[in-house]
Amino acid sequence: MNILRTVASSVVGPMKMVLVVRSDLGLRKGKIASQCAHAAIMCYMKSASINKSKLNMWLGQGQPKIVVKVDDLQEMEKLAKFAREKHVVAEIVRDAGRTQVSSGTATVLGLGPNSSEVIDSLVGHLKLL
């Protein structure tokens with residue numbers, strides 16, 4: 001058994017990252033996948049600079065990620081604000097505008113990694129994509 005995984009699980013319990021996709025944009029599957037990858041990397045980088053212990057716990061647990069959806073930009077921004085108030089990493093991907101949406105369009109919100117309990121308090125009401 002992986003010692004890091006055992007220690008990480010016992011300290012704070014399950015960890016996860018959530019990727020929140022705007023459903024109003026009508027993005028194609030490949031675009032969603034790409035934007036989610038951007039969000040995951042942004043959250044990883046932010047966590048590496050501000051909370052390495054949570055990042056390491058999440059890494060030790062296999063980097064769980066969940067993808068959910070919101071209806072529009074307002075819902076995404078509200079969620080990002082609530083997350084930051086709870087000291088959860090919240091990174092919004094803004095598209096470069098080369099393919100399906102205009103430059104600067106907010107497409108995906110990455111949250112975490114953080115404890116599943118904290119993340120669920122923010123997004124537990126949202127539907128899976």
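The legends below describe close-up views of a predicted model.

**View 1. The four-stranded open sheet of the predicted model.** The strands follow the order β2-β1-β4-β3, and their pairing is mixed. At the edges lie β2 (65-70) and β3, each of which pairs on one side only. From one strand to the next, the twist averages 20°.

**View 2. The pairing of β1 with β2.** Strand β1 (residues 15-22) and β2 run parallel and are joined by six bridges. Strands of a sheet pair through backbone hydrogen bonds, either parallel or antiparallel.

**View 3. Helices α2 and α5 lying across strands of the sheet.** Helix α2 lies across β1, β2, β3 and β4, and its direction makes an angle of about 45° with β4. Helix α5 (residues 116-123) lies across β1 and β4. The angle at which α5 runs to β4 is about 145°.

**View 4. The packing of α2 against α3.** Two packed helices are described by the angle between their axes and the distance between the axes. For α2 and helix α3 (residues 52-60), the angle is about 130° and the axes are 6 Å apart. The two helices α2 and α3 are therefore oblique to each other. The contact brings Y44, S47, A48 and I50 of α2 together with K52, L55, W58 and L59 of α3. Of the residues in this contact, six are nonpolar, one is polar and one is charged.

**View 5. The loop between α3 and β2, with Q63.** Although Q63 is not a glycine, its phi is positive, at about 55°.

**View 6. The cis peptide bond between G112 and P113.** The bond joining G112 and P113 is cis, with omega at about 10°. P113 lies in strand β4. P113 is also one of the residues that line the largest pocket, shown in the next view.

**View 7. The largest pocket and its lining.** Rolling a probe the size of a water molecule over the atoms shows where empty space is left. The volume of the largest pocket is about 160 Å³. Its lining consists of K46, I50, N51, K54, R84, H87, V88, V89, A90, E91, P113 and N114. At least two lining residues come from each of α2 (29-50), β3 (90-94) and β4 (106-115). By class, the lining holds five nonpolar, three polar and four charged residues. I50 belongs to this lining and is also among the α2 residues that meet α3.

How values were computed: Residues are numbered from 1 along each chain as its sequence is written. This is a predicted model: local features need pLDDT of at least 70, side-chain atom pairs count only at pLDDT 80 or more; totals for chains, interfaces and linings use all residues. Side-chain values use heavy atoms; hydrogens and water are left out. On a 1 Å grid over the protein atoms alone, a cavity is a set of points where a 1.4 Å probe fits but cannot get out, and a pocket is an open set with protein on both sides within 12 Å along at least five of seven lines; lining residues have an atom within 4 Å of a point. Grid points are joined across faces, edges and corners, and a volume is the space filled by probe spheres set on the points. Ala, Val, Leu, Ile, Met, Phe, Trp, Tyr, Cys and Pro count as nonpolar, Asp, Glu, Lys and Arg as charged, and the others, Gly among them, as polar. Axes are lines fitted to C-alpha atoms, for helices over the stretch in contact, and angles run from 0 to 180 degrees between N-to-C directions. Angles under 35 degrees count as roughly parallel, over 145 as roughly antiparallel, 65 to 115 as roughly perpendicular and the rest as oblique. Contact means heavy atoms within 4.5 Å. Two strands pair if DSSP finds at least two bridges between them.
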